[in-house]
Amino acid sequence: MKFYNQLILSLAILNPILALQVTASVDRDHCSIDDLITFKIVAEDASSFPKVDTKSISRDFSIISGPSQQTNMQWVNGAITNSRTMTWSIVPKREGLLSIPSLTVKVKRKTFKTKPIKIQVVSSNRKTKDLDLFILAEIDKDQVYLGEQVTLTYKIFKKVNISIDPFELPDFDGFWAEELYRPRQVSFKNVSRSGVRYQVGTLYQVALFPMPGDKHVIPSLTLKTKVVANRSKRRRDPFFDPFFDSFFTETVTKVLNSPEKSLTIKDFPESRPYDFTGAVGQFSIDASTDRDSIVVNEGLTYTISLKGTGNMGLFTLPDIKFPNQLEAFSPTENFTKDVFRDALTGTMSSEYILIPRMAGSVSIPPVKMSYFDPQSESWKRIQTDAVTIPILAGEETLAMGSGFSKREIELLGRDIRYIHTEKMPWKRINAPTLSPWILSIYGMSVLLFFAPPLVGSLLGYRVRTASDRKAKDSLKKACRDLRSGTGDPFDLATSAVYKYLHDRLQLSTDNLDPNMVKEFLSKYLDNNDFIFLLDHLNTCDAGRFGPEGLDRESTIIDETIIILKKLDKVIGK
Amino acid sequence: MKYCIIILFLGPIIAQDIDLLFEYGNQSFINGRFDDAIDKYEKILEQDQENADLYYNLGNSYFRSHEIGKAIWAYNKGIKLSPRDNDIHQNLEIANSRIIDRLVLPEPFFLLRLYRDLKNNFTIQEFIMIGSLLLFLEASLFMNLQFGWIGNIMIRKCISILVISAMLIHGIALEKFFQEKNTRQGIIIENGVEAYSGPFYGENTVLFRINEGTLVDLDQSQEGWVEIILIDGKTGWITTNTMRAL
């Protein structure tokens with residue numbers, strides 16, 4: 001028993017969560033194409049209205065109104081139940097078995113899925129009555145070029161008294177739409193249509209410009225109206241006297257659809273101009289400046305304006321290349337539409353602020369543009385006149401303050417140098433950095449570096465060094481010194497001999513005397529000429545420092561030369 | 001072999017063709033048909049041939065057709081080939097004075113400036129040519145010394161001076177070579193180019209706008225986009241058709 005109590009208690013606590021449920025329903029599952037269906041989503045025990053994504057409904061149905069919201073609260077046996085209802089009015093778009101797909105409904109953080117609902121739609125059974133009230137979409141032409149204006153007018157024809165609910169406009173896919181006329185209150189006038197008198201009113205008028213794409217269909221407009229019902233039976237009743245009808249009129253809601261219309265897009269004729277940017281219509285272009293002359297570094301407004309009728313806003317004005325001496329700022333663009341016209345008419349303008357940076361005369365070249373004229377079905381080209389403005393020199397100090405350095409100001413007044421016309425050799429782009437010439441120079445340098453040892457090793461000939469050359473030349477040099485020398489002949493002879501020995505034997509010391517000579521030349525000691533040389537040196541020494549040998553003073557030079565020549569032959573061996 | 005013969009025959013024909021194009025281009029320029037001149041000069045570039053005069057004339061044609069960015073590009077290309085051409089320098093300076101974005105950098109330290117002037121005054125080829133000639137002179141003096149044909153102390157000093165200068169010049173050439181290899185530069189050729197934070201439109205923000213004639217360093221690139229670095233260090237992505245690589 002205790003267990004059951006606990007179970008009931010816990011169920012009671014869980015109750016609000018368990019009870020939360022979402023259902024979708026319609027008021028009828030069988031209807032005709034003109035019937036209005038009420039679609040409801042009920043969330044029970046929800047603390048707030050659910051969020052519903054209704055996009056998927058619009059595949060088969062169009063939503064006429066909604067959602068309207070309603071909250072119900074009930075107190076039954078001490079328990080409160082509440083339900084929140086969202087209601088839409090929808091009409092089918094076509095006949096057949098249509099379905100409202102499963103919708104995703106969010107209540108707080110919980111997500112629910114509704115069940116799909118099937119609705120059988122049959123053709124209207126009130127065809128005859130349709131002639132009393134209908135809407136039409138009228139277009140002024142059904143074959144157009146891309147960018148050419150089509151004027152679309154939705155009109156309502158009626159024979160009965162109605163009131164029109166506010167309506168939503170369809171999406172004009174594939175078109176650029178520019179609203180022309182939308183009345184706050186539809187006014188009616190009498191017309192005769194195929195012999196029948198109607199009252200007709202314009203609901204909406206729009207200028208449509210086809211854009212590139214494959215779908216160009218004038219969409220259908222859906223309108224909800226309330227038709228005043230005729231009371232067929234009238235009882236003479238004190239409470240329901242016809243007198244009160246004027247106060248309590250009975251109305252029937254009726255949904256009207258205009259038929260869809262398709263447009264044919266014509267191709268532009270051939271030879272499309274290169275500067276065609278999409279302008280279609282009739283235009284004229286004009287350029288003007290706000291002043292006739294200007295001082296350097298002052299501002300000037302240059303306005304280019306395009307007037308005419310056509311798809312203005314679907315193309316841009318041509319870019320202008322201003323001369324270099326003018327500094328141009330990005331333009332401010334403007335578009336004014338003429339009202340009270342059936343066609344889109346107006347003026348597009350671009351305003352440039354120009355600041356001349358150099359004195360002189362400057363000419364802004366003509367601005368050209370091409371457009372297609374659908375009336376004459378031909379390409380047209382328009383252009384502005386060239387504008388020439390004299391620019392007066394200003395004070396230089398002004399120019400200095402405009403961010404230019406003095407050098408740059410100097411340069412602004414100068415022109416580039418002329419082209420070079422003489423022929424220069426051509427070079428391949430990205431040719432290798434090292435040319436064969438340079439490589440050969442490097443090769444030769446390396447060869448020269450290694451030439452001496454190479455030559456030696458190849459020819460088996462020891463390359464003479466500088467000292468070798470010196471040794472070889474030593475005899476010649478000694479003879480020359482002896483012959484050309486002046487002063488004491490003994491002195492001369494001694495020094496010549498020592499110098500010769502020093503060079504020839506490549507001795508390191510400079511201070512030689514007979515004993516040292518004997519030591520250095522020990523391997524030649526047994527040679528007669530050598531002994532003779534030593535004897536000769538001793539004689540010279542004696543001659544230098546004493547009276548001995550004075551008799552040989554005249555011949556000592558020649559003797560020395562002879563001895564040296566003989567000695568050289570010995571050493572050379 | 002067949003191709004060799006064809007190339008042998010074609011060689012002079014192509015050269016003649018290019019000379020003719022150059023002549024036509026010059027003639028068009030003289031007659032004031034600058035677009036035509038540009039067309040002819042660009043055709044020569046398409047044939048993979050260049051020289052400093054071509055870039056100079058191309059730059060002049062672009063300048064006359066008010067395409068300052070492209071003119072600056074052409075002059076810069078010309079200066080690379082012929083760095084001591086006064087005419088190109090003069091015209092580049094005039095073209096640079098017409099651009100909108102002017103960045104003035106502080107003067108560098110005078111030694112650095114001297115070095116840069118020296119480096120920019122010669123092409124790599126010229127540096128290598130001078131270096132190799134010095135090396136050759138040095139090698140021949142050295143050989144003479146080795147053979148003992150000359151043995152003056154002055155010659156020895158000369159050789160050491162030559163060794164040092166040859167090394168310096170080769171060093172500069174190497175530095176210039178690696179600098180040109182590693183840094184890619186480009187010139188913006190359109191006005192109001194928007195630099196994005198990433199290589200696609202969409203959610204990327206426009207970081208800054210630059211105008212034609214601005215010299216930029218190029219970093220990484222992706223299909224149709226390239227990352228640029230301005231001199232002041234700003235980086236951003238632009239589409240490749242708004243700039244021309246140097």
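Zooming out, both strands sit in an open sheet of four strands, ordered S1-S3-S6-S5 in chain A and paired antiparallel. The edges of this sheet are taken by strand S1 (21-26) and strand S5 (61-76) of chain A, each of which pairs on one side only. From one strand to the next, the twist averages 15 degrees.

How far can chain A be trusted? Its mean pLDDT is 79, and 84% of its residues reach 70 or more. The stretch to treat with care is residues 396-402 of chain A, where pLDDT stays under 50. For these residues the model has six contacts beyond four places in sequence. Where pLDDT is low, the predicted coordinates should not be read in detail.

Next comes the interface. Here, 36 residues of chain A are in contact with 41 residues of chain B. On the chain A side, the elements giving two or more residues are helix H4 (406-412), strand S33 (427-428), helix H5 (436-459) and helix H6 (466-484). H5(A) supplies the largest share of that side, with nine residues. By residue type, the chain A side splits into 19 nonpolar, seven polar and ten charged.

The two chains also share some strand pairing. S33(A) is joined by two bridges to strand S1 (residues 49-50) of chain B, and the two strands run antiparallel. Within this pairing, Arg428(A) has Gln49(B) in S1(B) as its bridge partner.

Over in chain B, a helix pair is worth a look. Helix H2 (residues 34-46) and helix H3 (residues 52-64) of chain B pack at an angle of about 150 degrees, and their axes are 9 Å apart. With angles over 145 degrees counted as roughly antiparallel, H2(B) and H3(B) are therefore roughly antiparallel to each other. The crossing of H2(B) and H3(B) is left-handed. From H2(B), the residues that meet H3(B) are Phe34(B), Ala37(B), Ile38(B), Tyr41(B) and Ile44(B). Facing them from H3(B) are Leu54(B), Asn57(B), Leu58(B), Ser61(B), Tyr62(B) and Arg64(B). Taken together, the residues of this helix contact come out as eight nonpolar, two polar and one charged.

Note on methods
Residues numbered from 1 in each chain as written. Chains lettered and ligands numbered in written order. Predicted model: local features only at pLDDT ≥ 70, side-chain atom pairs only at ≥ 80, totals over all residues. Contact = placed C-beta atoms within 7 Å. Nonpolar A, V, L, I, M, F, W, Y, C, P; charged D, E, K, R; others polar. Pairing = 2+ DSSP bridges. pLDDT = per-residue confidence, 0-100. Axes fitted to C-alpha atoms, helices over the stretch in contact; angles between N-to-C directions. Parallel < 35°, antiparallel > 145°, perpendicular 65-115°, else oblique. Left-handed = near helix turned anticlockwise from the far one by under 90°.
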